[in-house]
Amino acid sequence: MNPEKAPIIQMKNIEKHFGSVIALAGVSLEVFPGECHCLLGDNGAGKSTFIKTMSGVHQPTHGEIYFEGKPMSFGDPRDAISAGIATVHQHLAMIPLMSVSRNFFMGNEPVKKVGPMKFFDHERANQVTMDEMRKMGINLRGPDQAVGTLSGGERQTVAIARAVHFGAKVLILDEPTSALGVRQTANVLATIDKVRKQGIAVVFITHNVRHALAVGDRFTVLNRGQTLGTAQRGQITPEELQDLMAGGQELVALEGSLGGTV
């Protein structure tokens with residue numbers, strides 16, 4: 001990455017133990033503003049535990065977290081969200097029968113005062129929702145359109161646009177393309193590219209090498225709670241990345257191409 005930039009978040013030698021089970025065994029990662037850093041690994045690799053530690057769901061057993069250069073200890077997800085770390089989960093927390101604008105502002109409803117009374121500001125919510133979705137390339141029929149009528153990719157875009165609007169500096173995307181078709185996947189990847197170009201750091205968790213290579217700037221591979229390597233775009237082929245994920249025999253041969261980080 002650009003040496004003039006400082007990482008916005010650094011995870012140093014993160015360990016997470018659940019009793020006698022070691023879910024993470026010293027994982028390190030740094031993410032820079034405006035980059036898409038892909039975190040890859042098969043099921044059970046430790047991806048979910050790692051991002052839950054990054055986002056305040058879990059506290060690390062050992063290791064350090066630095067956010068904007070300062071030591072950071074998140075007591076719960078609200079602390080991480082307040083700092084600017086937002087997570088969009090694979091299973092979106094949305095109410096299908098409610099409108100897009102209601103879902104967009106859920107928990108952060110704009111209000112207007114009429115005398116001593118406060119009311120939900122429908123006009124402002126609708127305008128902001130339409131504007132933010134348009135920026136992401138989605139043209140809604142209207143802000144009152146039910147979320148349940150949107151495609152899976154469009155719902156992901158609603159969640160991403162919501163996080164960006166409310167000040168995300170680091171956006172964690174947990175398998176956003178895993179259950180989508182080809183066209184919807186392409187839309188979500190385009191949205192990730194738009195977010196990155198706004199200077200927001202994106203952590204893209206996936207087990208799909210093609211999706212990672214489509215938008216990723218750097219790629220870190222986890223296997224059984226350990227980091228197997230980090231490579232920049234252009235340093236690694238899809239086949240090599242797939243082999244890393246599988247923990248195959250090619251690991252030794254890859255040390256040169258990954259700068260000795262394997």
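**A helix and its sheet**

Author: Let's begin with helix α8 (residues 238-246), which lies across β3 (36-40), β11 and β12 and runs at about 25 degrees to β11. Keep in mind that this is a predicted model.

Reader: Okay! In what order do the strands of the open sheet come?
Author: The order is β6-β9-β10-β3-β11-β12, six strands with mixed pairing. The edge strands are β6 and β12 (226-232), and each of them pairs on one side only. From one strand to the next, the twist averages 20 degrees.

Reader: What holds strands of a sheet together, in general?
Author: Strands pair through backbone hydrogen bonds, either parallel or antiparallel.

Reader: And how many bridges do β11 and β12 have?
Author: Six bridges, and the two strands pair in the antiparallel sense. Arg218 has Gln232 in β12 as its bridge partner.

Reader: Which side chain does Arg218 meet in a salt bridge?
Author: That would be Glu35, at 2.9 Å, N to O. The pair links distant parts of the chain: Arg218 sits in strand β11 and Glu35 in the loop between β2 and β3, 183 residues apart.

Reader: Are those two buried or exposed?
Author: Arg218 and Glu35 are both buried.

Reader: How many salt bridges does a search of the whole structure find?
Author: Eight. Another one joins the side chains of Lys197 and Asp193, at 3.0 Å, N to O. Both of these residues lie in helix α6 (residues 182-197), four residues apart, about one turn of the helix.

Reader: Why does Lys197 count as exposed?
Author: Because its relative accessibility is 65%, and the cut-off for exposed is over 50%.

Reader: New topic! How do β1 and β2 run?
Author: Strand β1 (residues 9-18) and strand β2 (residues 21-31) run antiparallel, joined by eight bridges. Phe18 stands opposite Val21 in β2. The hairpin has two residues between the strands, and Gly19 takes a positive phi near 65 degrees there.

Reader: What does Asn13 touch?
Author: Asn13, found in strand β1, touches Gly26, Val27, Ser28, His62 and Gly63, leaving aside residues up to four places away in sequence.

Reader: Last one: which residues form the nonpolar patch on the surface?
Author: Ile95, Leu97 and Met106, with about 310 Å² of accessible area together. Leu97 has its place in the loop between β6 (85-88) and α3 (100-104), and it counts as exposed at 82% relative accessibility.

Note on methods:
Residues numbered from 1 in each chain as written. Predicted model: local features only at pLDDT ≥ 70, side-chain atom pairs only at ≥ 80, totals over all residues. Heavy atoms only, no water. Patch = residues over 30% accessible without salt bridge, like charges linked within 9 Å, V, L, I, M, F, W, Y side chains within 5 Å. Areas by Shrake-Rupley, 256 points an atom, 1.4 Å probe, with all protein chains shown as cover. Salt bridge = Lys/Arg side-chain N within 4 Å of Asp/Glu carboxyl O. Buried < 20%, exposed > 50% of the residue type's maximum accessible area, 1.4 Å probe, protein only. Pairing = 2+ DSSP bridges. Axes fitted to C-alpha atoms, helices over the stretch in contact; angles between N-to-C directions. Contact = heavy atoms within 4.5 Å.
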